[in-house]
Amino acid sequence: MKKIALLISCGICLFIIGCANCDGENPSVLLTNKGTDKASIQIKTSGGNTENINNIGTGSSSERRTFAPGNIEFTISVSGVNDPIVYVLKASSCYDYTVTINSDNTVTASGNERN
């Protein structure tokens, strides 16, 4: 009987821990370069700060970075491409995003909600 009570207690604890939701945590962004050449990216955060990530090689990704929620503006320069690409991501709390420079040097993003 004690074993059954212990198993039920453990099951309830695992259920509660497994169902914990993100509580307003800042979004994260991973930058992936599948473009024609190395890319340098200037990031203007929703708070007005600017960060730079330089020389992300084709087939490489940056480290995941965390920003405040809101509009995050990416100005992307791909070597050999004359005009920089400007991409704005509306980032929400509790999401992990991947911003991808595609093989034709267009930019797309996808996001997954954290559980």
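**Strands and their partners**

Modeller: Start with S6 and S7, which run antiparallel and are joined by seven bridges. Keep in mind that the model is predicted.

Colleague: What makes S6 and S7 a pair?

Modeller: Two strands pair if DSSP finds at least two bridges between them. S6 and S7 have seven bridges, so they count as a pair. In one place, Ile76 stands opposite Ile85 in S7. S6 and S7 also form a hairpin, with six residues between them. Gly80 lies in that turn and has a positive phi of about 85°.

Colleague: How do you know that S2 pairs with S6?

Modeller: Use the cut-off again: at least two bridges. S2 and strand S6 (residues 70-78) have six bridges, so the pairing holds. Its sense is antiparallel. Lys44 stands opposite Glu73 in S6.

Colleague: What joins S2 to S3?

Modeller: Five bridges do, and these strands run antiparallel. Strand S2 covers residues 39-44. Ile43 has Glu51 in S3 as its bridge partner.

Colleague: What is the order of the strands in the sheet?

Modeller: The order is S3-S2-S6-S7, in an open sheet of four strands with antiparallel pairing.

Colleague: Why are S3 and S7 said to stand at the edges?

Modeller: Strand S3 (50-56) and strand S7 (85-91) each have a single partner strand, so one side of each is left without a neighbour in the sheet.

Colleague: By how many degrees are neighbouring strands turned against each other?

Modeller: By 20° on average, with direction ignored.

How values were computed
Residues numbered from 1 in each chain as written. Predicted model: local features only at pLDDT ≥ 70, side-chain atom pairs only at ≥ 80, totals over all residues. Heavy atoms only, no water. Helix = DSSP H or I, 4+ residues; strand = E, 2+ residues; numbered from the N terminus. Axes fitted to C-alpha atoms, helices over the stretch in contact; angles between N-to-C directions.
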